[in-house]
Amino acid sequence: MTPKFQIIPGEIWHCGQISRLLRYEYQAELLKLNVDIHRQIRHLFEDSYFKRAWTIDGKLAALGGVQSSALSTKGMIWLALSERAMQYPIAVVKEARRQLDA
């Protein structure tokens, strides 16, 4: 069965959810650096002008955005991926390209 991949507006509560779903490799590396994962994701989210959550079959799989001001022509793209998202790497890459093109 083909999964339903959907892009929705990012909400502040997605930060806590994705921080718990974050890929294990990311979590391990951030914890080695004593980074508070939830706080870091929330900081990125709050500083982002463009915020999107990606769901697979209605469940959060990724959260990302563009960290910049509304008047800036440049920004930093960030993306937090869950283990579920990594089950569909080609779909994730295709969607990321669609979002960048938009």
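# Briefing: pocket, sheet and salt bridges

Strand E2 supplies four residues to the lining of the largest pocket, the largest share. The model described here is predicted. Its strands form an open, antiparallel sheet of four in the order E1-E2-E3-E4, and a search of the whole structure finds five salt bridges.

**Largest pocket**

- The largest pocket holds about 320 Å³ of space.
- Its lining is made up of 15 residues. Those nearest the centre of the pocket are Phe50, Val66, Ile77, Gln99 and Leu100.
- At least two lining residues come from each of E2, E3, E4 and H4, so strands and a helix both take part in the lining, as follows from the DSSP assignment of these elements.

**Sheet and the helices across it**

- In the open sheet, the order of strands is E1-E2-E3-E4 and the pairing is antiparallel. Strand E1 (5–9) and strand E4 (76–81) form the edges, each pairing on one side only. On average, neighbouring strands are turned by 20° against each other, with direction ignored.
- Six bridges join strand E3 (residues 59–67) to E4 in the antiparallel sense. On the E4 side, Leu79 is the bridge partner of Gly64.
- Helix H1 (residues 13–21) lies across E1, strand E2 (48–56), E3 and E4. The angle between H1 and E3 is about 115°.
- Helix H3 (residues 37–46) lies across E2, E3 and E4. It runs at about 140° to E4.

**Arg23 and its surroundings**

- Arg23 is placed in the loop between H1 and H2. With a relative accessible area of 18%, Arg23 is buried, because the value falls under the 20% cut-off.
- When neighbours within four places in sequence are left aside, Arg23 is in contact with Leu81, Ser82, Glu83 and Met86.
- Arg23 also forms a salt bridge with Glu25, in which the closest N and O atoms are 3.2 Å apart. Glu25 is partly exposed, at a relative accessible area of 44%, whereas Arg23 counts as buried.

- Lys32 and Glu29 form a salt bridge, with 3.2 Å between the closest N and O atoms.
- Both residues lie in helix H2 (residues 24–32). Lys32 and Glu29 are three residues apart, about one turn of the helix.
- Lys32 is exposed, because its relative accessible area of 62% is over the 50% cut-off. Glu29, with a relative accessible area of 44%, is partly exposed.

**A salt bridge between two loops**

- The side chains of Asp57 and Arg84 meet in a salt bridge, at 3.1 Å from N to O. Asp57 lies in the loop between E2 and E3, and Arg84 in the loop between E4 and helix H4 (89–101), so the pair ties together parts that are 27 residues apart in sequence.
- Asp57 is partly exposed, with a relative accessible area of 38%. Arg84 counts as partly exposed at 25% relative accessibility, because this value lies between the cut-offs of 20% and 50%.

Definitions and conventions. Residues numbered from 1 in each chain as written. Predicted model: local features only at pLDDT ≥ 70, side-chain atom pairs only at ≥ 80, totals over all residues. Heavy atoms only, no water. Pairing = 2+ DSSP bridges. Axes fitted to C-alpha atoms, helices over the stretch in contact; angles between N-to-C directions. Contact = heavy atoms within 4.5 Å. Salt bridge = Lys/Arg side-chain N within 4 Å of Asp/Glu carboxyl O. Buried < 20%, exposed > 50% of the residue type's maximum accessible area, 1.4 Å probe, protein only. 1 Å grid on protein atoms, 1.4 Å probe; cavity = no way out; pocket = protein on both sides within 12 Å on 5 of 7 lines; lining within 4 Å. Points joined across faces, edges and corners; volume = space filled by probe spheres on them.
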